[in-house]
Amino acid sequence: MGVISAYPITPQTTIVEELSEMCASKDLDARFIKVESEHSAMAALIGAATTGVRTFTATSGNGLLLMHEVLHWTAGARLPIVMANVNRAVSGVWNIWAEQTDSLAQRDTGWIQIYCESSQELLDAVIMAYKLAEKVMLPVMIAYDAFFLSHTTEIVDIPDADLVDRFIPPYVPPVSLNFDEPRMFGGFFATDYFYEHRYTLQQATHEALRYYPEVCREFHGVFGRAYGLVETCQTEDAEVILVTAGAITSVSRIAIDKLRAKGERVGLMKLRMFRPIPVDCWRDVLGKARKVVVIDRNMSVGLGGVFASEIRSALYASDNRPPIYSVIAGLGGRDVTPEDVEGILNHVLTHDKPSDEPLFWGLKQ
Amino acid sequence: MQKMIDIPRQVLVEEELMQPGMTSCQGCAAPISMKIALKALGERTVVVLPACCFAVFVGGYPYSSLKVPIIHCPFETAAVVASGAAAALDVRGEKDVVVMAWAGDGGTFDIGMQALSGAAERNENILFVCYDNEAYMNTGIQRSSATPMGAWTTTTPAGSIKEESKKDIEQIMLAHHISYMATASAAYPDDMFRKFKKARQITGMKFIHLLSACPPGWRIDPANSIQVMRMATQSNVFPIYEVSKLRFSKDNQRFEEDWEYTINVFPERKVSVKAYLKSQGRFGLITDEMIDYTQKKVDRKWNELVQKQNNRISL
């Protein structure tokens, strides 16, 4: 690690505190710049990553929104920054609890996004993120739920540092800032170059889609835990496939098992990589189902659930287009229990067609 | 009458780190200032450029007119991008590199203020230079908080010329207890050269405030920009001085918050504030009351500066 830069925000604060401790005790060999805002946290990493060192930051909710401009900049500048984002609600009234609207509002920035269900997955995803980011020269955001993950404890296997060092060898930037061959970074691109620059950014996301499964295979070989672009659970013969992202996945597993025990052919697809969209992978898994139901702990106001909408788009050009049932649940950290998920699945099993509007599950009247 | 003092006449080094091809306006003081700055700082310099005129005329991809690395960055982030680069270079073990943020008055006084204040408070090891042309010139002459009272701009047009005084950026920076603060002007190139040399030797946050004439924005003949900047100093509107932080020493019981003020240029011949203002078309609509007020303010600031230099008073 070279440079860390971060600004505290609930519920990310524990990361800032822990990293401060690790830097102070020299357990982590890194410079920690304690900046005055999230905008500056990300901007400091422009300077650091351009200079050719490994970087990290973490934020949440409003902090991520404040970074928005710099997220576009860092992706466009092709800086392999890794960031943890604790998904937190954003709105005109305060709420500090879990919701994915913050990171989904950054989906057009060029940042790779990976959603996690557990603390173990989060730790592993951060390690893999460096390998991916430095290969394709794009920044990677690891997203996970406020409080359900950020403020709960879980037994986690912390991989051996030497093994991790071997898995992600020292970072050598393809183009580095040096004085023998002074270069200009992030300069003015007029109409004759900008369009092509944006195209190369899009191409890099395709490379990320191709390369990430390879990273996951290698990680599995070294550390024994398997990951992918998505994770599937009992989808092979499923008539109804439930799609989730983040911590709701865990409670959904319970509901799926319960309904399976009752003879219902239901399965689960957990979203992991959301940008770039693994279209082929989604089509392969979901194309076999009779119905697909997506639970969104987020909302694009005026549209509905973001994941549902994007899955609909991904399947549109496919031959197999099961109807998509869009469910919005758990906004602002409202608890979504296994019984809720079971209720949602029963709703889908008993309705032939999805409604035009998303189903707002558990809404108080 | 006192003349310029304590300025050893220097032959600026011959090495040019700024190359031809820059597309600035005629008479723009910013490239002249950069040329002097880089001569003093040398090739192991990283320049951080936020949105400003300089970021455009330094050269569009794939051209650059500077022979040092440049990191472009969002408008409001110059100080913190420089902080990140300085930290990373330190991690890389490149201790002899100086990172210079080079921002206009918008990227310093206004939109850049938060990141600048943060970097100053953390005493980041960077050199922050504001080339102050006293308005948003890159977007076409709109008022900034560095625009002086009585100035016309496209957002303070006839009928509503700027009524507020210019923000005192030098006092704001000194209030952050930074390691070094200086003003300089391309009208006094040897003084400017010496200050950049000095800043390079100092660890911690350095701030240099440059007055930077803008012929289209100031409504002056490009041939006169150095002359007008010299008048700014000769009228005491833009005093040339520097402030060094004195470290605690057992011998003289000074504390770190003690400051050494040095006025580097005393007016050789008195130029009135009115003559300075009237040399520029942008002050064509200024009222007599505004001129009178500005003269009084300038006199008071000058007297305070002389007093601070003589007394070595704290902030």
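Here are some friendly notes on a predicted model with chains A and B, taken point by point.

1. **The two domains of chain A.** Let's start with the layout of chain A, which is divided into domain 1 (57–171 + 188–223) and domain 2 (230–360). Taken over C-alpha atoms, the centres of these two domains of chain A are separated by 23 Å. Where they meet, 28 residues of domain 1 of chain A are in contact with 21 residues of domain 2 of chain A.

2. **What domain 1 brings to that contact.** Four elements of chain A each supply at least two residues to the side of domain 1 that touches domain 2: helix H5 (101–104), strand S5 (112–115), strand S6 (140–145) and helix H8 (194–223). The largest share comes from H8(A), with five residues. If you sort this side of domain 1 of chain A by class, you will find 17 nonpolar, seven polar and four charged residues.

3. **H8(A) and its neighbour H6(A).**

4. **Residues between H6(A) and H8(A).** The contact of H6(A) with H8(A) has 10 nonpolar and four charged residues, and no polar ones.

5. Helix H9 (residues 248–261) and helix H12 (residues 338–350) of chain A pack with their axes 8 Å apart, at an angle of about 55°. H9(A) is therefore oblique to H12(A). H9(A) passes H12(A) in a right-handed crossing.

6. **Residues between H9(A) and H12(A).** On the H9(A) side, the contact is made by A:Val251, A:Ser252, A:Ile254, A:Ala255, A:Lys258 and A:Leu259. H12(A) contributes A:Pro338, A:Val341, A:Glu342 and A:Leu345. By class, this contact of H9(A) with H12(A) has seven nonpolar, one polar and two charged residues.

7. **Where the chains meet.** The contact between the chains takes 33 residues from chain B and 34 residues from chain A. On the chain B side, the elements giving two or more residues are strand S1 (45–49), helix H2 (53–57), strand S2 (70–72), helix H3 (78–91) and helix H5 (113–121). Which of them gives the most to the side of chain B that touches chain A? It is H3(B), with 11 residues. By class, this side of chain B has 20 nonpolar, eight polar and five charged residues.

8. **One residue of chain B, B:Gln309.** This glutamine is found in helix H11 (residues 288–311) of chain B. Leaving aside residues up to four places away in sequence, B:Gln309 touches B:Tyr261, B:Thr262 and B:Ile263. B:Gln309 and B:Tyr241 are 68 residues apart in sequence, yet 9.5 Å apart in space, C-alpha to C-alpha.

Terms used
Residues numbered from 1 in each chain as written. Chains lettered and ligands numbered in written order. Predicted model: local features only at pLDDT ≥ 70, side-chain atom pairs only at ≥ 80, totals over all residues. Contact = placed C-beta atoms within 7 Å. Domains from an automatic or database assignment. Nonpolar A, V, L, I, M, F, W, Y, C, P; charged D, E, K, R; others polar. Axes fitted to C-alpha atoms, helices over the stretch in contact; angles between N-to-C directions. Parallel < 35°, antiparallel > 145°, perpendicular 65-115°, else oblique. Left-handed = near helix turned anticlockwise from the far one by under 90°.
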